[in-house]
Amino acid sequence: MEQPKKPQPAKTIEKVLGEALELHEKGVSLHSIVRTYPEFAEEIEGAFKAMSVMSTWKESMRVPEAGLEKILRALPETAPGNAKPVQSPFVRFWSTIHYTNLKYVLPIAAVAFLTGGLIISKKGTPPIEVPQSAVMNNQTNSAVTRPMAATTAPSAGEAPLAMNATPASSVDQAVAAFQAASAKESSTAESNNEKSIATADSQAITDPTQTYGN
Amino acid sequence: MNNIKEIIQKAKEGDNEAFSLLYKEYYVPIYRYIHTRIRSREQSEDLTQDVFLKIYKNIGTVLENDHTPLAYFYTIAKNTLIDFWRKKGSDTVTDDEYMSEVPDTAPTALDAARLKEESSVLYECLEELTADQKEVVTLKFINELSTHEIAELIGKKETAVRQLQVRGLRTLSKIFKQKYGTT
């Protein structure tokens with residue numbers, strides 16, 4: 001009585017097939033491989049048949065002959081490898097001045113400019129020196145004697161000078177006269193203004209069609 | 001290998017003659033790689049051309065890393081196929097595309113019919129394999145790459161590649177047996 005064939009464990013078959021393929025790659029013939037593993041002959045022959053079918057299929061694949069001409073026509077006229085990565089504007093600018101002196105001059109100029117700016121900002125603006133003779137002759141107080149409308153703000157040099165200088169008595173008198181005149185003008189203007197408002201009010205009362213203040 | 005490096009270097013410098021040599025060297029393996037995944041011959045040709053155009057445009061990056069040129073080209077071919085399937089919306093092939101595939105190498109109409117049938121069966125058999133098994137089996141037996149090259153290409157260890165190869169062949173053997181009753 002024929003005994004049922006014992007199934008081979010899958011792991012063992014895979015291992016044997018792996019070894020069989022390795023031997024085949026080394027040039028060992030299928031016949032020799034089958035003789036080495038007689039208990040797996042059917043599996044090995046099946047795998048080698050599949051390999052053979054694949055190889056036959058490969059040979060039957062027609063490879064187009066005119067492909068080269070077609071692709072050479074399709075190629076762009078420019079040189080190969082022109083697909084450049086996208087660069088930032090700064091990188092592009094920098095690459096354009098790569099071979100010029102600007103590449104070296106610009107950084108030096110920038111450093112010099114920044115250093116100069118720093119030094120100036122640390123020192124501050126130097127004070128303007130006024131000759132002592134000008135103070136003694138009261139030339140700096142001429143602004144005080146001018147009418148208010150014509151006066152200008154004292155410059156940075158005049159301000160400290162005016163504070164430190166001691167005014168003469170004639171100057172004091174002139175100042176006092178000017179202030180008195182200003183006060184008089186101011187009171188006259190105020191009374192004139194009040195008068196005009198009162199006139200407008202009386203007109204508005206007598207003529208109701210008119211808008212107040214217009 | 002040094003010769004190929006020299007050719008690539010010349011191609012990088014803008015030598016179209018060198019690029020033609022590269023094309024002649026790698027056209028067949030790239031075409032076969034694509035054609036085992038797409039039945040239509042015309043589409044395979046078009047995609048192979050797309051691959052070479054991409055190689056041409058990016059020739060400056062070839063050999064920049066440790067990969068061999070072939071591994072680099074296969075990666076481009078694989079990405080081109082992925083783009084193709086994504087645009088198409090499916091990785092299946094229509095009947096029209098299949099019917100257009102008649103190997104021109106067949107000398108007679110009878111041989112043509114036989115080859116066509118075998119080709120059809122093989123495409124169907126390959127569909128039964130897992131993606132990894134299909135990749136390894138075609139790279140091994142259609143593109144004739146070594147186990148080491150395949151391992152480098154797909155980023156797996158050689159033992160894993162051999163295991164995928166064995167399992168793929170066993171599956172194919174079983175399918176042939178079912179279809180034809182014999183291996």
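This is a predicted model: local features need pLDDT of at least 70, side-chain atom pairs count only at pLDDT 80 or more; totals for chains, interfaces and linings use all residues.
Residues are numbered from 1 along each chain, chains are lettered from A, and side-chain values use heavy atoms.

I then checked the rings of B:Y27 and B:F52: their centres are 6.0 Å apart and their planes stand at 20°, so the pair is stacked (rings pair if their centres lie within 6.5 Å, and planes under 30 degrees apart count as stacked). B:Y27 lies in helix α2 and B:F52 in helix α3 (residues 41-57) of chain B, so the pair ties together parts 25 residues apart in sequence (helices are DSSP runs of H or I, at least four residues). I recorded a relative accessible area of 5% for B:Y27 and of 1% for B:F52. B:Y23, B:Y27, B:Y31 and B:F52 form one aromatic cluster.

Next I examined the helix packing. The axes of α2 (residues 16-35) and α4 (residues 69-88) of chain B come within 10 Å and cross at roughly 35° (axes are lines fitted to C-alpha atoms, with angles from 0 to 180 degrees between N-to-C directions). Among the residues making this contact are B:Y33 of α2(B) and B:F73 of α4(B) (contact means heavy atoms within 4.5 Å).

Finally, I found the charged end of B:R37 over the ring of B:Y33, 3.9 Å from its centre (the cut-offs are CZ of Arg or NZ of Lys within 6 Å of the ring centre and within 35 degrees of the ring normal).

Methods: Helices (H or I, at least four residues) and strands (E, at least two) are DSSP runs, numbered from the N terminus. Rings of Phe, Tyr and Trp (its six-membered ring) pair if their centres lie within 6.5 Å; planes under 30 degrees apart count as stacked, over 60 as edge-to-face and the rest as tilted. Buried means under 20% relative accessible area, exposed over 50%, partly exposed in between (1.4 Å probe, protein chains only).
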